[in-house]
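Let's take a friendly walk through the aromatic side chains of this protein. Have the rings on display as you read.

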Amino acid sequence: MNIQINLLIGSLSLFGVHDTKAQALHMQQPDAEKPNVIYVFPDQFRNQAMGFWNQDGFRQHINFEADPVHTPFLNEFARQAVVLTSAQSNCPLSSPHRGMLLTGMYPHNSGVPLNCNSNRPISSLNEEAECISDVFKSAGYDCAYFGKLHVDYPTANDPNNPGEYVEKQRPAWDAYTPKERRHGFNHWYSYGTFDEHKNPHYWDTDGRRHDPKEWSPLHEANQVVAYLKNEDNVRNPKKPFFMMVSMNPPHSPYRSLNDCMEEDFALYKDQPLDSLLIRPNADHLMQKAASTPYYFAGVTGVDRAFGKILEALNKLGLDKNTIVIFSSDHGETMCSQGINDPKNTPYVESMNVPFLVRFPNKIAPRVDDLLLSTPDIMPTILGLSGLSSAIPNDVQGSNYAPLLLDKKADITRPTGTLYIQNIDGKKDASGLVQTYFPSARGIKTAQYTFTLYIDRQTKQLKKSLLFDDVKDPYQLHNLPLEKYPDLVNQLCSQMGLLLKQIGDPWYNEQILSPQIPY
Ligand code: CA
């Protein structure tokens, strides 16, 4: 398209057509150079749950065995993308992750230190923050959001008066997002959080509710395809678009065919548990083990929904000028470490997320071990889109676009990425959470996972985790700190520096000082 226009402009010039006409022609494609962006992020999709990791070209880059999952579309996509082995969800919990993703700031600055629900008015996306969608909007993009948002204090919607939120009762978790809180997204098909996967609902741009009775990732993929085709004339085809697609599955519950598609479940239902839960750190005796085939069915269904989006891009000829990223909120422990909590831990199953970026003719497919942090995602996407100069000053993450575009780029690679865990702090008489407590901080380096937990009253060290992820990729041996004083000092220094750089509460309160030299 660009070449044709340029040729046309060139030939018009040859025939002596005045420059202004050529400019006018050019104006019809003002943003032809700007790439479209699609960011797809399911909820509890761990990095290990992608089949290509066991294939040639990928296997040699990792030291674990991939889950026995069917992900044909991701497998093909990975061969067209830069694939990160070590992208981390720094605070692996829905709302804090999403706050970082949208603002490029850590949880103490994004407004979202805790999972959002109606008991936590202190955790809600900072309305003043310039989010990634605000920047794209200012750069002339159409911006669309599909699926789960879960980053705001829940607000109700009046079904008889769409667009107004006048109900007295606040919903516990789910939320309608009024227009003034949509941060530049001018197309909306979203909800707060809701876990009936075959009975989802969405509020559209005008606040109307839809209850499609369809498995949510497939329904969302169909909505995305309709947007790409511009079926209802909802986007300006002359503008580039920025789109976020947040699929809830794979996400609990994982217990029946209400949670996944039967054809996907059929792939796993007759497999013995030993052949599914292959990680040596998984406890097969846990009640949750029965969820495994449903979890993997969710993974395969999401793969297919993602494939539908890719297919539509190809058919519409949009694939060449569209950056497509596949990542996840955080992982899923699925019986690893014998814990029920699927997330919110520094274990590799919880923190390590997929991160694949396809940008045809710009990014050469390869595997890279960049230790990407969640706040890096916003500036990196803006960098890839040619909008480095528009990265807001408040952003705390780094722009690694030069590195994705060229593995030899002269750019300093991070040597560590933070782990952050906050819990509820003080509550008022009615039980509303007024503060948060920074219960654990840690650092993940190329070799180690290190986390310190503190006591709520004394703020002294309560528990530690230290794993050598090179020698012990399944994190079976928690190393005692007293046996490795030099290593612990080094990791504390590295972590202290990062906490200081971001102005974390641990730095401000000098927690565990002087063990951590800030
Ligand atoms: Ca989540």
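**Aromatic rings and their partners**

The count comes to 25 aromatic pairs, where rings of Phe, Tyr and Trp (its six-membered ring) pair if their centres lie within 6.5 Å, and planes under 30 degrees apart count as stacked, over 60 as edge-to-face and the rest as tilted. One of them is the edge-to-face pair of Y176 and W203, at 5.9 Å centre to centre with 75° between the planes. This pair links distant parts of the chain, 27 residues apart: Y176 lies in the loop between β3 (142–148) and β4 (187–191), and W203 in strand β5 (residues 202–204). Strands here are DSSP E runs of at least two residues, numbered from the N terminus. Y176 has 2% relative accessibility and so counts as buried, and W203 is buried at 8%; buried means under 20% relative accessible area (1.4 Å probe, protein chains only).

Now turn to Y189 and Y202. Their ring centres are 4.6 Å apart and their planes at 15°, so this pair is stacked. Because Y189 lies in strand β4 and Y202 in strand β5, the pair ties together parts 13 residues apart in sequence. Both Y189 and Y202 are buried.

Next comes a group of rings: F136, Y141, Y145, F185, W188 and F242 form one aromatic cluster.

The charged end of R235 sits over the ring of Y227, 5.8 Å from its centre, which calls for CZ of Arg (or NZ of Lys) within 6 Å of the ring centre and within 35 degrees of the ring normal. K463 lies over the face of Y453, 4.5 Å from the ring centre.

The model is predicted, with local features needing pLDDT of at least 70 and side-chain atom pairs counting only at pLDDT 80 or more, while totals for chains, interfaces and linings use all residues. Residues are numbered from 1 along each chain as its sequence is written, and side-chain values use heavy atoms, leaving out hydrogens and water.

Conventions:
Helices (H or I, at least four residues) and strands (E, at least two) are DSSP runs, numbered from the N terminus. Buried means under 20% relative accessible area, exposed over 50%, partly exposed in between (1.4 Å probe, protein chains only).
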